[in-house]
Amino acid sequence: MKNPSPAVRTRDLRVTRSRKQILRGIDLALAPGTVTGLLGPSGCGKTTLMRVLVGVQRYEGEVLVLGHAPGAPAVRGRTGYVTQSAAIYRDLTGRQNLRYFSRLAGPRSRDVDEVLDLVGLGAIADRRVETYSGGEAGRVSLGCALVAAPEVLVLDEPTVGLDPVTREELWESFRRLAESGTTLLVSSHVMDEAFRCDQVLLMRAGRLLETTTAPELLERTGAATLDEAFLAVIRTEEP
Ligand SMILES: Nc1ncnc2c1ncn2[C@@H]1O[C@H](COP(=O)(O)OP(=O)(O)OP(=O)(O)O)[C@@H](O)[C@H]1O
């Protein structure tokens, strides 16, 4: 690992909502400058975990993001969150959206044109977002997070509904971000995306079943695909 001190760490993280235990004691560590995949079935608690890390979800237990409590003033501007549905202004152009978030970010903001190119929107940046496809609008959302140059970037299913080419481009940009020192946590339903990650967290029913890598998981379970490997893990570990 590049640095022994994790960018994000949780110990016995628990979340209860409407008297239901959603997260049941999660221990995790994200090394700086790495991509971690967060995988698990629908409803297992991925979004809830991400919401904790960006400081918008009450929790119990211990959570440190860049050495601070999530959402603390010292860390708020250094953490980016791309939600499942694009949180952007549809009546503005892509470029105007990025400019707006760039102003909010203040001096730490990155160059808007550079980020537009990074997310592959340079050619359509001056069209209103309401004319964009779903995938293009999603990339505006990602661009709005990137323009603030976050040190920790949390992405909730960023590749849903994207074609293979765009998906490939996005994963390449995640890799470049990690190489430049950003710590990424990316949730996905697509097990094969685990191969893109330095570390994989397998969740089920509010628990972390495994902290592993895609090749390690295949080898250990003897499965031919990651889908099979995940099913094998679920069968051996009761929630
Ligand atoms: N306010 C709430 N009250 C009660 N239960 C809730 C509340 N919000 C979420 N949940 C439940 O918490 C569980 C985890 O939800 P979460 O959105 O974190 O899952 P997820 O793994 O991100 O799912 P998906 O992959 O479908 O987005 C689900 O069973 C959901 O129904």
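Guide: Let us begin with a term: a polar contact is a pair of N or O atoms within 3.5 Å, and within protein one of them must be able to donate a hydrogen while the other accepts it. The model is predicted, and side-chain atom pairs count only at pLDDT 80 or more. Between domain 1 and domain 2, with both residues at pLDDT 80 or more, the count is 0 residue pairs in polar contact.

Visitor: What makes up domain 1 and domain 2?
Guide: Domain 1 covers 8-78 + 150-237, while domain 2 covers 88-149. Their centres, taken over C-alpha atoms, are separated by 24 Å, and the contact draws on 13 residues from domain 1 and 10 residues from domain 2.

Visitor: Why is the pair Glu151 and Arg108 called a salt bridge?
Guide: The rule asks for a side-chain nitrogen of Lys or Arg within 4 Å of a carboxyl oxygen of Asp or Glu. In Glu151 and Arg108 the closest N and O atoms are 3.9 Å apart, so the pair meets that cut-off and is called a salt bridge. Across the interface of domain 1 and domain 2 the rule finds 1 salt bridge.

Visitor: How many salt bridges does the rule count in total?
Guide: The count comes to 14 salt bridges. Glu151 sits in the loop between helix H5 (134-146) and E6, and Arg108 in the loop between helix H3 (94-105) and helix H4 (112-118), so this pair ties together parts 43 residues apart in sequence.

Visitor: How do you know how much area domain 1 and domain 2 bury between them?
Guide: Buried area is the accessible area that two parts lose on being put together, summed over both, and for domain 1 and domain 2 this gives about 870 Å², with 70% of it on carbon and sulfur atoms. Of the area that domain 1 buries against domain 2, Pro150, Leu170 and Leu177 supply 39%, more than any other three residues.

Technical notes: Residues numbered from 1 in each chain as written. Heavy atoms only, no water. Domains from an automatic or database assignment. Contact = heavy atoms within 4.5 Å. Buried area = accessible area lost by both parts, 1.4 Å probe. Polar contact = N/O pair within 3.5 Å; in protein donor to acceptor, adjacent residues only side chain to side chain. Helix = DSSP H or I, 4+ residues; strand = E, 2+ residues; numbered from the N terminus.
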